Amino acid sequence: MSLNKNIWEVAEAYVAGSLSQQEITELNGRLASAEFANEFNEAVDLVRSVAGNGKQKRFRAMLRDIHQKQTAGKVIKKGLNIVLPAHFWRTAAVAASVAILTSTITIWSLKPSINKSESQYNNISREVKDIKKVQAQQQATQNQLIQKVNKNLPTPPPSDVKYTGTGFALTNDGYFVTAYHVIADGDSVYIQSQDGEYFKAFLVNFNAEADVAILKVEKKNFHFGKGDVPYVFTGSKATLGAQIYTLGYPKDEMVYSEGYVSAKNGYQGDEQQYTLSLPAGHGQSGSPVIDGKGNLLGLLTAVGRQNEANTYAVSSKALLELLHTIPHANSLRLPKTNRLGHMSRESQIEKMQPYTFSVKVYKK
Amino acid sequence: MHSPLNSEQQLLAALAAGQRGATEQLYQQHYHVINGWLIKNGGSSVDAADLFQEAMVVLFGKAQDKDFRLTCSIGTYLFAISKHLWYKKLQRSHREPVYLPDNAGDEDEGGIAYDDDINVHEEREAHYEQLDAALDQVGEPCRSLLKAYYHHDKSMQDIAADFGYTNPDNAKTQKYKCLARLRKLFYTMQAK
């Protein structure tokens, strides 16, 4: 290619970065002429703009196409005139999760050392995969119906969320806690805040034996809520019969449940745990356990298999022990004052909301 | 968990290249958030689709720069841009004075950065609009030829066949002539 040939050819090669060293030297020589430089710059600008415009148009077209395919689940079945509600898939997922809870409970092996896997002990993270299986079946049936009407209808691709659990804030600036088994198997972890925003988090430290993990939101200057975390971490054990409650995300919205401490130790006498009489389901692993005075007693880890009323919680003592193994533990600004103590339960829950959130774990 | 696999930077690079998989993933992960938010704030699902796609185009534009690094997660960015675009749209329609609620964007890192990104985006859109107008006036076969090459990403080989040139080199020469005509039109329009 000779530079004398065509200014457009040179401009295109320049934009594509495919000029040889020799050509660049030659070009630089010619750019000394102001007239040529002006012409060349205009040509380069135009090539960039036309190519950029084209690329963006293709991107927009692709977006429209993706949108159409991903929202195809809401399509109307012509013959019967039934509109599938927008929340159909979510409802199906929740229904399926209930079905899984009541029927096929899978046992996760977590602590082989004490044979929990063989026993009546179930971690309560929600495994989205199972739900999705049921969802996929329903979707398949649905699609068959729809395809009778419209053969070209694409199916929305499944989300790649693998597990969901619940987390709660340790400090207002981004440290939080969840059950270790929720995140153990994933590639990346996000939390979803009250207004739906996702924040990526990284693992700070964990204790697999106790089933506790401490994570931190990646984003700088992140805050869960407006002030300090409203509850305090008590290292001492709660008394038998103490009234407790929890907030968690067994589905896409926050769920409140209450109960009492039914034994001071946990599964098979585990001293790091409590046994609670509290209804809990998949997705609630990692939920905070709080007494009526706003003390944080621990976090949910598992439910008993035969007796669903038994729920196990890791005590906050185990959590604090893990916390102190973090190198910069002293610089963590842990909440010092309990701001829930004198509030009604409703106000406590409202106050808690920004500090309790859904944890979503992704795995490819 | 120990090594985050879904690196957001990789996702951005794939998005910048216009890869469908990455774009679908972002759509899947974030569209419903904006849709939910907008419906709570008086918009419709149709508005949400427009808004989200516009925010994706803003991100796509930003990601074209290889040195571009997000200071927040992609989700946060898309959400903040969507909010800003929406409030801007409301302000322009003069319905009523609208104030950004304190959670629009992030107080700490400033809504200003998002506004800058949106301004750059709008300038570029205006620029592309002028370019399209010039392209419409450039006359045939130039209009179709340039569109086939730049908008539809067709190869010179295919274009030569479609437009009846004996070989790709002839089509190329014609393309350069067309670019020269487009330049004249475009810069005359800009000078006005």
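Colleague: Where do the numbers come from?

Modeller: This is a predicted model, in which local features need pLDDT of at least 70, side-chain atom pairs count only at pLDDT 80 or more, and totals for chains, interfaces and linings use all residues. Residues are numbered from 1 along each chain as its sequence is written, chains are lettered from A and ligands numbered from 1 in the order in which they are written, and side-chain values use heavy atoms, leaving out hydrogens and water.

Colleague: What makes Asp153(B) count as exposed?

Modeller: Exposed means over 50% relative accessible area, buried means under 20%, and partly exposed is in between (1.4 Å probe, protein chains only). Asp153(B) is at 53%, so it counts as exposed. This residue lies in the loop between H6 and helix H7 (156-163) of chain B, and its phi is positive, near 60°, though it isn't a glycine.

Colleague: And what is Asn221(A) called, given its relative accessible area of 48%?

Modeller: With 48%, Asn221(A) falls in between, so it's partly exposed. Asn221(A) sits in the loop between S7 and strand S8 (232-233) of chain A and has a positive phi of about 55° without being a glycine.

Colleague: What makes S4 of chain A a paired strand?

Modeller: Two strands pair if DSSP finds at least two bridges between them. S4(A) and strand S7 (residues 212-217) of chain A have 4 bridges, in the antiparallel sense. With strand S3 (residues 161-169) of chain A, S4(A) has 2 bridges, again antiparallel. Phe176(A) is the bridge partner of Ala169(A) and also pairs with Leu215(A) in S7(A).

Colleague: Which residues of S4(A) cover its faces?

Modeller: Tyr175(A) and Val177(A) on one side, Phe176(A) and Thr178(A) on the other, and all are buried.

Colleague: What is the peptide bond from Glu140(B) to Pro141(B), cis or trans?

Modeller: That one is cis, with omega near 5°. Pro141(B) is in the loop between helix H5 (111-137) and helix H6 (142-151) of chain B.
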